[in-house]
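Here is a short briefing to read alongside the sequence and the model. Take a look at the fold first, and then follow the notes below.

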Amino acid sequence: MISRIEEVPVQVRDMTHHDLALVSDIERRSYDFPWSHGVFRDCLLAGYSCLVLDRGGYVVGYGILSIAAGEAHILNLCIDPAFRSLGYGERLLDDMIHRAREADAQAMFLEVRPSNENARKLYQKKGFFRIAKRPAYYQSKSGREDADVLSLNLRRFGR
Ligand SMILES: CC(C)(COP(=O)(O)OP(=O)(O)OC[C@H]1O[C@@H](n2cnc3c(N)ncnc32)[C@H](O)[C@@H]1OP(=O)(O)O)[C@@H](O)C(=O)NCCC(=O)NCCS
(Lines give C-alpha, C1' and ligand atoms only; values in the text may rest on other atoms or scores of the structure.)
Protein backbone atom coordinates (compact mmCIF):
# COMPACT_ATOMS: atom_id res chain seq x y z
CA MET A 1 0.00 0.00 0.00
CA ILE A 2 1.27 3.48 -0.87
CA SER A 3 1.76 5.70 2.16
CA ARG A 4 0.16 9.11 2.08
CA ILE A 5 2.37 11.81 0.62
CA GLU A 6 3.18 13.50 3.93
CA GLU A 7 4.19 10.29 5.73
CA VAL A 8 7.38 9.66 3.74
CA PRO A 9 10.05 12.36 3.30
CA VAL A 10 10.10 13.64 -0.26
CA GLN A 11 12.78 15.83 -1.78
CA VAL A 12 13.76 17.09 -5.21
CA ARG A 13 17.47 16.56 -5.80
CA ASP A 14 19.91 16.52 -8.71
CA MET A 15 19.93 13.35 -10.82
CA THR A 16 23.20 11.41 -10.86
CA HIS A 17 24.47 8.63 -13.10
CA HIS A 18 23.48 6.19 -10.32
CA ASP A 19 19.80 7.14 -10.87
CA LEU A 20 19.79 6.35 -14.59
CA ALA A 21 18.66 2.71 -14.33
CA LEU A 22 15.61 3.61 -12.21
CA VAL A 23 14.82 6.69 -14.30
CA SER A 24 14.99 4.67 -17.53
CA ASP A 25 12.74 2.02 -16.01
CA ILE A 26 10.08 4.61 -15.10
CA GLU A 27 10.41 6.12 -18.59
CA ARG A 28 9.84 2.72 -20.25
CA ARG A 29 6.74 2.09 -18.15
CA SER A 30 5.36 5.56 -18.90
CA TYR A 31 5.73 6.24 -22.61
CA ASP A 32 5.00 4.30 -25.82
CA PHE A 33 8.15 5.82 -27.31
CA PRO A 34 10.52 6.18 -24.34
CA TRP A 35 13.84 7.99 -24.24
CA SER A 36 16.79 5.60 -24.13
CA HIS A 37 19.23 5.36 -21.23
CA GLY A 38 21.71 7.16 -23.50
CA VAL A 39 19.45 10.19 -23.95
CA PHE A 40 19.28 10.67 -20.16
CA ARG A 41 23.06 10.24 -19.92
CA ASP A 42 23.51 12.89 -22.64
CA CYS A 43 21.20 15.28 -20.74
CA LEU A 44 23.43 14.90 -17.68
CA LEU A 45 26.59 15.41 -19.73
CA ALA A 46 25.05 18.45 -21.49
CA GLY A 47 24.61 20.12 -18.12
CA TYR A 48 20.82 20.33 -18.25
CA SER A 49 19.04 20.66 -14.94
CA CYS A 50 18.25 16.97 -14.37
CA LEU A 51 16.18 16.36 -11.25
CA VAL A 52 14.67 13.41 -9.45
CA LEU A 53 11.86 13.27 -6.95
CA ASP A 54 13.27 11.16 -4.14
CA ARG A 55 10.70 9.55 -1.85
CA GLY A 56 12.39 8.04 1.19
CA GLY A 57 15.51 7.22 -0.84
CA TYR A 58 13.58 5.80 -3.81
CA VAL A 59 13.24 7.64 -7.14
CA VAL A 60 9.56 8.07 -8.07
CA GLY A 61 9.83 10.79 -10.71
CA TYR A 62 12.16 12.98 -12.71
CA GLY A 63 12.30 16.19 -14.70
CA ILE A 64 14.71 17.55 -17.29
CA LEU A 65 14.99 21.31 -17.70
CA SER A 66 17.10 23.28 -20.14
CA ILE A 67 17.71 26.95 -19.39
CA ALA A 68 19.43 29.28 -21.86
CA ALA A 69 19.17 32.89 -23.00
CA GLY A 70 16.43 33.73 -20.54
CA GLU A 71 14.20 30.83 -21.60
CA ALA A 72 13.50 27.58 -19.78
CA HIS A 73 12.37 24.48 -21.65
CA ILE A 74 10.90 21.43 -19.95
CA LEU A 75 12.20 18.44 -21.92
CA ASN A 76 10.68 15.73 -19.73
CA LEU A 77 8.54 15.43 -16.61
CA CYS A 78 7.40 12.04 -15.43
CA ILE A 79 6.12 10.30 -12.32
CA ASP A 80 6.24 6.54 -11.76
CA PRO A 81 2.78 5.18 -12.69
CA ALA A 82 2.48 3.64 -9.20
CA PHE A 83 2.87 7.07 -7.57
CA ARG A 84 0.62 9.29 -9.71
CA SER A 85 -2.24 11.48 -8.50
CA LEU A 86 -0.47 12.04 -5.17
CA GLY A 87 0.72 15.57 -5.90
CA TYR A 88 4.25 14.57 -6.91
CA GLY A 89 4.03 15.84 -10.51
CA GLU A 90 2.90 19.26 -9.29
CA ARG A 91 5.62 19.26 -6.63
CA LEU A 92 8.32 18.56 -9.21
CA LEU A 93 6.92 21.10 -11.66
CA ASP A 94 6.79 23.76 -8.91
CA ASP A 95 10.46 23.06 -8.19
CA MET A 96 11.37 23.37 -11.88
CA ILE A 97 9.50 26.68 -12.14
CA HIS A 98 11.32 27.92 -9.04
CA ARG A 99 14.71 26.93 -10.47
CA ALA A 100 13.92 28.64 -13.77
CA ARG A 101 12.96 31.85 -11.95
CA GLU A 102 16.13 31.68 -9.85
CA ALA A 103 18.12 31.40 -13.10
CA ASP A 104 16.38 34.59 -14.33
CA ALA A 105 14.44 32.85 -17.08
CA GLN A 106 11.56 35.02 -18.23
CA ALA A 107 9.45 32.32 -19.82
CA MET A 108 9.08 28.56 -19.71
CA PHE A 109 8.11 26.39 -22.69
CA LEU A 110 7.17 22.77 -23.24
CA GLU A 111 5.56 20.46 -25.78
CA VAL A 112 2.63 18.23 -24.88
CA ARG A 113 0.49 15.77 -26.81
CA PRO A 114 -3.08 17.05 -27.24
CA SER A 115 -4.18 13.54 -26.15
CA ASN A 116 -2.29 13.77 -22.82
CA GLU A 117 -5.21 14.94 -20.68
CA ASN A 118 -3.56 14.56 -17.28
CA ALA A 119 -0.46 16.53 -18.25
CA ARG A 120 -2.55 19.22 -19.93
CA LYS A 121 -4.61 19.65 -16.76
CA LEU A 122 -1.46 19.91 -14.66
CA TYR A 123 0.04 22.59 -16.92
CA GLN A 124 -3.23 24.48 -17.12
CA LYS A 125 -3.44 24.44 -13.32
CA LYS A 126 0.04 26.01 -13.10
CA GLY A 127 -0.87 28.79 -15.57
CA PHE A 128 0.62 27.52 -18.84
CA PHE A 129 -1.18 28.57 -22.02
CA ARG A 130 -1.02 27.31 -25.60
CA ILE A 131 1.06 29.46 -27.95
CA ALA A 132 1.60 27.23 -31.00
CA LYS A 133 1.21 23.85 -32.61
CA ARG A 134 4.04 21.74 -34.01
CA PRO A 135 2.51 19.52 -36.72
CA ALA A 136 3.47 15.81 -36.68
CA TYR A 137 5.98 16.40 -33.87
CA TYR A 138 5.54 13.12 -32.02
CA GLN A 139 5.70 9.48 -33.06
CA SER A 140 2.43 7.73 -32.35
CA LYS A 141 1.06 4.23 -32.80
CA SER A 142 -1.06 5.48 -35.73
CA GLY A 143 1.68 7.54 -37.39
CA ARG A 144 2.46 11.05 -36.16
CA GLU A 145 0.79 13.31 -33.58
CA ASP A 146 0.93 17.11 -33.31
CA ALA A 147 2.41 18.82 -30.28
CA ASP A 148 0.90 21.79 -28.53
CA VAL A 149 3.55 24.27 -27.41
CA LEU A 150 2.69 25.72 -24.01
CA SER A 151 4.27 28.69 -22.28
CA LEU A 152 4.36 30.12 -18.79
CA ASN A 153 5.27 33.74 -18.18
CA LEU A 154 7.71 33.60 -15.27
CA ARG A 155 7.61 37.36 -14.79
CA ARG A 156 3.86 37.55 -14.28
CA PHE A 157 4.09 38.00 -10.53
CA GLY A 158 7.09 40.28 -10.88
CA ARG A 159 10.42 40.41 -9.11
C1 LIG B 1 1.49 14.32 -16.03
C2 LIG B 1 2.05 13.72 -14.73
C3 LIG B 1 3.50 14.18 -14.57
C4 LIG B 1 1.22 14.23 -13.55
O5 LIG B 1 1.83 13.77 -12.35
P6 LIG B 1 0.95 13.37 -11.04
O7 LIG B 1 1.90 13.22 -9.92
O8 LIG B 1 0.10 12.21 -11.37
O9 LIG B 1 0.05 14.67 -10.89
P10 LIG B 1 -0.40 15.37 -9.51
O11 LIG B 1 -0.94 14.35 -8.58
O12 LIG B 1 0.71 16.23 -9.02
O13 LIG B 1 -1.62 16.27 -10.02
C14 LIG B 1 -1.46 17.67 -10.24
C15 LIG B 1 -2.54 18.14 -11.19
O16 LIG B 1 -2.40 17.49 -12.45
C17 LIG B 1 -3.70 17.19 -13.00
N18 LIG B 1 -3.87 15.73 -13.00
C19 LIG B 1 -2.90 14.83 -12.76
N20 LIG B 1 -3.40 13.58 -12.86
C21 LIG B 1 -4.70 13.69 -13.18
C22 LIG B 1 -5.74 12.76 -13.45
N23 LIG B 1 -5.55 11.42 -13.38
N24 LIG B 1 -6.97 13.22 -13.75
C25 LIG B 1 -7.19 14.55 -13.83
N26 LIG B 1 -6.24 15.50 -13.58
C27 LIG B 1 -5.00 15.07 -13.27
C28 LIG B 1 -4.69 17.87 -12.06
O29 LIG B 1 -4.83 19.21 -12.48
C30 LIG B 1 -3.94 17.82 -10.73
O31 LIG B 1 -4.36 18.81 -9.82
P32 LIG B 1 -5.58 18.48 -8.79
O33 LIG B 1 -5.12 17.27 -8.02
O34 LIG B 1 -5.69 19.71 -7.96
O35 LIG B 1 -6.78 18.18 -9.64
C36 LIG B 1 1.95 12.17 -14.75
O37 LIG B 1 0.63 11.80 -15.12
C38 LIG B 1 2.93 11.47 -15.68
O39 LIG B 1 4.07 11.22 -15.31
N40 LIG B 1 2.47 11.14 -16.91
C41 LIG B 1 3.31 10.39 -17.87
C42 LIG B 1 4.42 11.25 -18.40
C43 LIG B 1 3.89 12.50 -19.07
O44 LIG B 1 2.94 12.44 -19.84
N45 LIG B 1 4.55 13.63 -18.79
C46 LIG B 1 4.21 14.91 -19.38
C47 LIG B 1 4.90 15.06 -20.69
S48 LIG B 1 4.52 16.64 -21.46
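**Overall build**

The chain has 159 residues, for which a compact globule would have a radius of gyration near 15 Å; the chain agrees, since its own value is 15 Å. That radius is taken over C-alpha atoms, and the globule rule is 2.2 Å times the number of residues to the power 0.38. Please keep in mind that this is a predicted model: local features need pLDDT of at least 70, side-chain atom pairs count only at pLDDT 80 or more, and totals for chains, interfaces and linings use all residues. Residues are numbered from 1 along each chain as its sequence is written.

**Size and packing**

- The C-alpha trace spans about 45 × 40 × 30 Å along its principal axes.
- Buried residues make up 26% of the 159 residues (buried means that 20 or more other C-beta atoms, placed from the backbone, lie within 10 Å of the residue's own).
- Of the contacts with a separation of 6 or more, 58% come from residues 24 or more positions apart (a contact means C-beta atoms, placed from the backbone, within 7 Å).

**Fold**

- The chain holds four helices and seven strands, where helices (H or I, at least four residues) and strands (E, at least two) are DSSP runs numbered from the N terminus.
- Along the sequence, the pattern reads β-α-α-β-β-β-α-β-α-β-β.

**Strand β4 and its partners**

- On one side of the pairing list, β3 (residues 58–68) runs antiparallel to β4 and is joined to it by eight bridges; strands pair if DSSP finds at least two bridges between them.
- Ile67 stands opposite Ala72 in β4.
- β3 and β4 form a hairpin with two residues between them, and Ala69 in the turn has a positive phi of about 50 degrees.
- β4 also runs parallel to β5, with four bridges joining them, and Glu71 stands opposite Ala107 in β5.
- β4, α3 and β5 make a right-handed β-α-β unit, meaning that, with the strands pointing away from the viewer, the path from the first strand over the helix to the second runs clockwise.

**Around the ligand**

- Of the 19 residues around the ligand, Arg84, Gly89, Glu90, Lys121 and Leu122 come nearest (a residue counts as near if its C-beta atom, placed from the backbone, lies within 6 Å).
- β4 (71–79), α3 (88–102), β5 (107–112) and α4 (117–125) each supply at least two residues of this shell, and α4 gives the most, with five.
- By class, the shell has nine nonpolar, six polar and four charged residues; Ala, Val, Leu, Ile, Met, Phe, Trp, Tyr, Cys and Pro count as nonpolar, Asp, Glu, Lys and Arg as charged, and the others, Gly among them, as polar.

Key:
A residue is buried if 20 or more other C-beta atoms lie within 10 Å of its own, exposed if 12 or fewer, and partly exposed in between; C-beta atoms are placed from the backbone. Two residues are in contact if their C-beta atoms, placed from the backbone, lie within 7 Å.
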